[in-house]
Amino acid sequence: MSVYLIQHITNNNTAIDLAITFYSKIQQILLKKCINCWIDHKKNSVFFLIKAPNKSSIRKLYYKSINLRPYKITPVNNHLVFAFLKSVQQLKAIQSKSLYTPQKHSVFFLAKTFNKKVFLLNKVKTIESLSFKKAIIQNLITSYEGHQIEANENIIASFHSIKNALGCTVSILDKLNKRTDNSSTKIILYTSIHNDNKTTFSEIIPKLTELLYLVKKKEQLIISSKKINMHPSLSSLKKIYWLDPEKESFILSLIDILSKNYHKPKFKVSDICSLMMMSKTKLYRNCKDITGKSINQLLKDFRLLKSIDSITMGSSAINQISTDVGFNSSSYFSNCFKKKFGMCPKELSKQKYSLGFPHNIQLS
């Protein structure tokens, strides 16, 4: 059995996390055949040393991986293995700093408190419920020393302490779950290194906000972090979905692709497969696992949610809006809209001023 050096190019912390997480997975499968793993920041790479019969057997390890592929697989002899392991000792300080030294993190808290369908069907009840939920959430964020960033139909806040973020989340769900009208409340917790906060807020938070509306799973709390382990405060919650780095990378890439292409009528699932560089079966499986929806349904829902923004914010005709959000047929668009939201788009267009629809509800 030969020894192979596997190189992964890593341009950011997310890429490093993906590679390290993947190594941990194959380590459980291969056991002693995994010799070592280390980070070389100068080469922007993560390296694995693994025993395997041939290159083909190594490539098979990556078949089920969503976004990870090796940059290079090189056979090495015992002398080189010794040299690499010696180099790892020299890189130990770097590796320790990257993987084990405690870093200051912010925890971003995103809460969806608004259900568009329920609002369209029962305006008064929904506004009362929304005001009550917002008051509970905002008060608890303050009491747990959180900093509120936005408070529209979604509430976004940040915490400097993971413990406080978890405590606040558990308290919110505990209070809201006692109400009969709480089916629409979902919360995402996302950790970010302090230095990356600006990037996180400008690029990642908008995508996670869209995920709040697109996810159909029963879980009320979505945790996207390696830093948040099974804290004792989470034991009282049953509906938790853990979004590991691999799944996080997949869903953020998918939402980015949908955001840039949903308006194209000819944009289909086959195009998504091509842009995501994966088979239709794999795309469907990953999408269903994270959102609870098929990729076809996700694309349709994305377009329908965007159409609400156009109807309530603009003055375009329904025919034009249906085309703008990627529907070939205006009648099909109207049928899909009514099935999802309980009223026709023309009804919403006529009532948008009397409805008092919150104009800050946008997905973009």
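How many helices and strands make up the secondary structure of the chain? In this predicted model, the secondary structure comes to 15 helices and ten strands. The chain has 364 residues, and 48% of them count as buried. Contacts between residues at least 6 apart in sequence were also examined. Of these, 70% join residues at least 24 apart.

Helix α1 was considered next. Its 18 residues should span 26 Å at 1.5 Å a residue, and the end C-alpha atoms are 25 Å apart, which agrees. The expected value rests on one less than the number of residues. Several residues of α1 are buried, among them A15, I16, L18, A19 and I20. T21, F22, Y23, I26 and L30 of α1 are buried too. L31 follows the helix, and its phi is positive, near 55°.

Helix α7 covers residues 162-176. Its 15 residues should span 21 Å at 1.5 Å a residue; the end C-alpha atoms lie 21 Å apart, which agrees. Is α7 mostly covered or mostly uncovered? Helix α7 is mostly covered, with eleven of its 15 residues buried.

Two packed helices are described by the angle between their axes and the distance between the axes. Helix α9 spans residues 245-261, and helix α11 spans residues 280-291. They pack at an angle of about 100°, and their axes are 11 Å apart. Angles of 65 to 115 degrees count as roughly perpendicular. Helices α9 and α11 are therefore roughly perpendicular to each other. On the α9 side, the contact is made by K247, F250, I251 and L254. On the α11 side, L283, N286, C287, D289, I290 and T291 take part. By class, the residues of this contact divide into six nonpolar, two polar and two charged.

Aromatic rings were then paired. Rings pair if their centres lie within 6.5 Å, and by this rule the count comes to nine aromatic pairs. One of these involves Y23 and F48: the ring centres are 4.9 Å apart and the planes stand at 45°, so the pair is tilted. This pair links distant parts of the chain. Y23 belongs to helix α1 (residues 13-30), whereas F48 belongs to strand β3 (residues 45-52). The two are 25 residues apart. Both Y23 and F48 are buried.

F333 and F337 form another tilted aromatic pair, at 5.9 Å centre to centre and 55° between the planes. Where do F333 and F337 lie? Both are in helix α14 (residues 330-341), four residues apart, about one turn of the helix. An α-helix has 3.6 residues a turn, so residues three or four places apart point the same way. F333 and F337 are both buried. They also belong to one aromatic cluster, formed by F327, Y332, F333, F337 and F341.

A further tyrosine, Y213, is found in helix α8 (residues 197-214). Is Y213 buried or exposed? Its relative accessible area is 8%. Buried means under 20%, so Y213 is buried. Y213 and K186 are 27 residues apart along the chain. Their C-alpha atoms are separated by 8.9 Å.

How values were computed:
Residues numbered from 1 in each chain as written. Predicted model: local features only at pLDDT ≥ 70, side-chain atom pairs only at ≥ 80, totals over all residues. Heavy atoms only, no water. Axes fitted to C-alpha atoms, helices over the stretch in contact; angles between N-to-C directions. Parallel < 35°, antiparallel > 145°, perpendicular 65-115°, else oblique. Contact = heavy atoms within 4.5 Å. Nonpolar A, V, L, I, M, F, W, Y, C, P; charged D, E, K, R; others polar. Phe/Tyr/Trp six-rings, centres within 6.5 Å; stacked < 30°, edge-to-face > 60°. Buried < 20%, exposed > 50% of the residue type's maximum accessible area, 1.4 Å probe, protein only.
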